[in-house]
Amino acid sequence: MTEQETQEAVARRVQAVVDGMRRAAERAGRHANSVRLVAATKTVPAERIRDGIAAGLRILGENRMQEALAKIALLQDAAVEWHFIGQLQRRKVRDAIGRFTLIHSVDSIELAEEIDRRAAAAGVTQAVLLELNIGGEASKAGFVPEGLMTRLESLNRLAHLRIRGLMAIPPPTEDAEQARPYFRRLRELRDAIEAKGMASVEMSELSMGMSHDYEVAIEEGATLVRVGTAIFGARHV
């Protein structure tokens, strides 16, 4: 495939995803602008990401800190914002502060406290989402839904942490419809938290849905969908 053909393929895929997002929003009676696309760029080389940016991508999501930092440097001229969507190790928090508009994956009180400490030292406030282990999977990190309300009391006291919403990855399924109950539960939990009205806890964002199930996620209230394979093709790890 030539360079031009590759660029055209990426542009077609971006448009197909955007169209799918619009249709899903319409089915749910929502405005298309209420959902934003986060292009998951793990293992995707910078030149392919540039093709995506040319096709309209404006938010890029990275899973690995070292890979992210290299790409941020290479694409510093691009009009995009960067989100961190992978598991964030506490020793990597310093690298994240000030570089990522939003960290999607705060999965513990300890990580939240470290982000707050590093953000305070940098003189900034870091926007984050709380990651929920929505399926109760032993292999996944994240807050347990049943205990989140009590945890929020501690999180609410962190002055340099701005909680913007929730994130979750449901248990893997072959049928996107099987993920719907998990997406719905996350939305209902968001609504319950919002009703409590905590000063530094904002629940405007729901990050849920990926390449195979983002339309269902949007129907259930997603405001951010993390899509990689449907745009850039299968990953080469």
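**Salt bridges and their partners**

Analyst: Let's start with E177, which is partly exposed at a relative accessible area of 41%. Buried means under 20% relative accessible area, exposed over 50%, and partly exposed in between (1.4 Å probe, protein chains only). By the way, this is a predicted model: local features need pLDDT of at least 70, side-chain atom pairs count only at pLDDT 80 or more, and totals for chains, interfaces and linings use all residues. Residues are numbered from 1 along each chain as its sequence is written, and side-chain values use heavy atoms, with hydrogens and water left out.

User: Okay, which residue does E177 form a salt bridge with?
Analyst: R180, with the closest N and O atoms 2.7 Å apart. A salt bridge here is a side-chain nitrogen of Lys or Arg within 4 Å of a carboxyl oxygen of Asp or Glu.

User: And is R180 buried or exposed?
Analyst: R180 counts as buried, at 14% relative accessibility.

User: How many salt bridges are there in the whole structure?
Analyst: A search finds 25. One of them pairs E215 with R27, where the closest N and O atoms are 2.7 Å apart. E215 sits in helix α8 (residues 214–219) and R27 in helix α1 (residues 3–27), so this pair ties together parts 188 residues apart in sequence. Helices are DSSP runs (H or I, at least four residues), numbered from the N terminus.

User: What about E220, buried or exposed?
Analyst: E220 is buried, at 6% relative accessibility. Salt bridges with shared partners join E220 into one network with R23, R27, E177, R180, R184, R187, E215 and E219.

Methods: Helices (H or I, at least four residues) and strands (E, at least two) are DSSP runs, numbered from the N terminus.
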